[in-house]
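Hi everyone, thanks for making time today. Please take a look at the sequence and the structure on the screen, and then I'll walk you through a few places in it.

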Amino acid sequence: MKVIVTKNYDEMSKVAADILIEQVKKNPRSTLGLATGSSPIGTYQKIIEAYNNKEVSFKDVKTYNLDEYCGISIDHPQSYYCFMHDNLFNHVDIKEENVHIPSARGTESEIQAQCNAYNEALKKASIDIQLLGIGGNGHIGFNEPGTSFEQETFVVTLAERTREDNKRFFNSIDEVPTHAVTMGIKNIMQAKSILMLISGKGKADTVVKLLSGEVTTDFPASVLYRHEDVTIVVDEDAYSKYAEQN
Ligand code: F6R
């Protein structure tokens, strides 16, 4: 596990964007696994800047997103479909048919069928770099504490901590979805390489747990110790507690 400590969020975003851009320059037909949330927004902005400067094109790039909320419509401003289009896809030359975001709408059995289809697509996808954030409780995608490392794409009941953490995006906690479809830990681990972003004082305890090296399903991100190509880009605020203790 390679750990890169950056001065702040902006530098974290630059480092991460450069890694993703290099991948696409090296192989214009790359497949990227993408994340939502606050952590990657700056990275996506830097990618858009690079695209506008004609440094990189996404016309042959394929993407697979980690997750999507159940219970809100695709055009809800907080759907991950909207998030990805607003923050990245609408601003670069990616083809809509190359964009994959789990579908989480319909009846229970329809959603289950969509999970299975996404899972099958992921098996064939061969993701070059999977971008990840990390939940305060150590979740990756929406694989909450206690999830088996063998888990594939599924419908998850969101942990209360996750709903609390994400209520900042909604008018109230009652509006935060209770369920989501997420790639499973097994799907995430199948990526050729993993790039995790961690920022802010609020993640300082999370970083201490992650870097303790203990591998446990109680802290899903710890599974990354079993992957051979992981880069963690963490800003000084998020790294601060670990730095004090080591
Ligand atoms: C997002 C995702 C989540 C977030 C995590 C951190 O697609 O799968 O695991 O990466 O909840 O969120 P932020 O970046 O908002 O702190």
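Let me start with a question: which residues in α1 meet which residues in α2? Bear in mind that this is a predicted model. On the α1 side we have Tyr-9, Asp-10, Ser-13, Lys-14, Ala-16, Ala-17, Leu-20 and Ile-21, and they meet Ile-41, Gly-42, Thr-43, Lys-46, Ile-47 and Ala-50 in α2. Sorted by class, that contact has 8 nonpolar, 3 polar and 3 charged residues.

Now the geometry of that pair. Helix α1 covers residues 9-26 and helix α2 residues 41-52, and they pack with their axes 8 Å apart, at an angle of about 55 degrees. The two helices are therefore oblique to each other, and their crossing is right-handed.

The largest nonpolar core has 38 residues, and the members that touch the most others are Leu-34, Tyr-44, Ile-47, Phe-58, Met-84, Leu-88 and Phe-89. Several elements give two or more residues to this core, among them α1, α2, β2 (31-34) and α3 (80-87). The top contributor is α1, with 6 residues. If you zoom in on Phe-58, and leave out residues up to four places away in sequence, you'll find it touching Val-24, Ile-47, Val-92, Asp-93 and Ile-94. There is also a second, separate core of 32 residues, which includes Ile-185, Met-189, Val-207 and Tyr-242.

Val-207 takes us to helix α7, where it is one of the buried residues. This helix spans residues 204-211 and is mostly covered, with 6 of its 8 residues buried. Besides Val-207, the buried ones are Ala-204, Thr-206, Val-208, Leu-210 and Leu-211. What lies over them includes strands β1 (2-6), β9 and β10 (230-235), along with helix α8 (236-245). Just after α7, Gly-213 takes a positive phi of about 85 degrees.

Lys-54 is not a glycine, yet it has a positive phi of about 60 degrees. You'll find Lys-54 in the loop between α2 and β3 (62-65). Is Lys-54 buried or exposed? With 75% relative accessibility, it counts as exposed.

Ser-126 is another non-glycine with a positive phi, here about 55 degrees. Its loop runs between α4 (108-125) and β6. Ser-126 has a relative accessible area of 41%, so it is partly exposed.

That's my tour, and I'm happy to go back to any of these places with you.

Methods:
Residues are numbered from 1 along each chain as its sequence is written. This is a predicted model: local features need pLDDT of at least 70, side-chain atom pairs count only at pLDDT 80 or more; totals for chains, interfaces and linings use all residues. Side-chain values use heavy atoms; hydrogens and water are left out. Axes are lines fitted to C-alpha atoms, for helices over the stretch in contact, and angles run from 0 to 180 degrees between N-to-C directions. Helices (H or I, at least four residues) and strands (E, at least two) are DSSP runs, numbered from the N terminus. Angles under 35 degrees count as roughly parallel, over 145 as roughly antiparallel, 65 to 115 as roughly perpendicular and the rest as oblique. A crossing is left-handed if the near helix is turned anticlockwise from the far one by less than a right angle, and right-handed if clockwise. Contact means heavy atoms within 4.5 Å. Ala, Val, Leu, Ile, Met, Phe, Trp, Tyr, Cys and Pro count as nonpolar, Asp, Glu, Lys and Arg as charged, and the others, Gly among them, as polar. A nonpolar core is a set of buried Ala, Val, Leu, Ile, Met, Phe, Trp, Tyr and Cys residues joined through side-chain atoms within 4.5 Å. Buried means under 20% relative accessible area, exposed over 50%, partly exposed in between (1.4 Å probe, protein chains only).
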